[in-house]
Amino acid sequence: MSDHMEQNLSILTPRQRQVYLLRQQNLTFPQIGAQLGMSAATAGSTYRAARRRLRDAAILREAPSEQDMRPVDFPLNRDELEAITGALLLLQREMCRKAGLSSAPHSPLPPRLARVTALLHRAQHALGQADTALSPR
């Protein structure tokens, strides 16, 4: 098994990993269930959960295209920027969870997670600058 595949499987629970690997050996869900002491339906749902987790992790690793990196003109007011910052924080936490990372991300990050994290920091910095500009001297 390659390091890349091993890294992917490390985000699965032990049970998901067992079911996923048995399914990769072309065992049916009834066969997997019998081998692991679970129903065929449970084996199937465990396998589908593993596939979703692996798919989500693969999406996080995709790098953005050059077209995605073009700047756009999109003015925001402070309230809108606060709402976006809060949403980015929630998105970052969910992406970390799906990538199997701790809530305090570390380097190197998957490309899409790195973009969300950088955008979150930029939004927080812009809010801080807006607060500084509005505060009385």
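Residues are numbered from 1 along each chain as its sequence is written, and side-chain values rest on heavy atoms, with hydrogens and water left out. Because the model is predicted, local features require pLDDT of at least 70 and side-chain atom pairs count only at pLDDT 80 or more, whereas totals for chains, interfaces and linings use all residues.

The chain contains six helices and zero strands, where helices (H or I, at least four residues) and strands (E, at least two) are DSSP runs numbered from the N terminus. The order of elements from the N terminus is accordingly α-α-α-α-α-α. Of the 137 residues, 26% are buried; buried denotes under 20% relative accessible area, exposed over 50%, and partly exposed the range in between (1.4 Å probe, protein chains only). Among contacts with a separation of 6 or more, 61% join residues 24 or more positions apart, a contact being defined by heavy atoms within 4.5 Å. The accessible surface of the chain amounts to about 9,400 Å², and carbon and sulfur atoms contribute 55% of this area. Accessible areas were computed by the Shrake-Rupley method with a 1.4 Å probe, and for residues only the protein chains shown count as cover.

The largest nonpolar core comprises 15 residues, and those with the most contacts inside it are L12, V19, Y20, I32, L36 and L54. Helices α2, α3 (29–36) and α4 each provide at least two residues of this core, and α4 gives the largest share, with five residues. A core of this kind is a set of buried Ala, Val, Leu, Ile, Met, Phe, Trp, Tyr and Cys residues joined through side-chain atoms within 4.5 Å. Beyond residues up to four places away in sequence, L12 touches R17, Y20, A50, R53 and L54. Apart from this core lies another, of eleven residues, including L88, A99, L113 and L127.

In helix α2 (residues 14–24), the residues Q16, V19, Y20 and L22 are buried. Viewed down the axis of α2, these buried residues fall within an arc of 165°, so they line one face of the helix; the arc is that of the directions from the helix axis to the C-beta atoms. Helix α2 is followed by N26, which has a positive phi near 70°.

On the surface, V72, F74, L76 and I84 form a nonpolar patch with about 410 Å² of accessible area together. Patches consist of residues with over 30% relative accessible area and no salt bridge, with like charges joined within 9 Å and nonpolar side chains (Val, Leu, Ile, Met, Phe, Trp, Tyr) within 5 Å. V72 is located in the loop between α4 (40–61) and α5 (78–99) and is exposed, at 70% relative accessible area.

Three salt bridges were found in the whole structure, the criterion being a side-chain nitrogen of Lys or Arg within 4 Å of a carboxyl oxygen of Asp or Glu. One joins D56 and R55 at 3.1 Å, N to O; D56 is buried at 15% relative accessible area, while R55 is partly exposed at 46%. In helix α5, R78 and E82 lie four residues apart, about one turn of the helix, and their side chains form a salt bridge at 2.0 Å, N to O. E94 and R97 form a salt bridge at 2.4 Å, N to O; these two residues are three apart in α5, about one helical turn.
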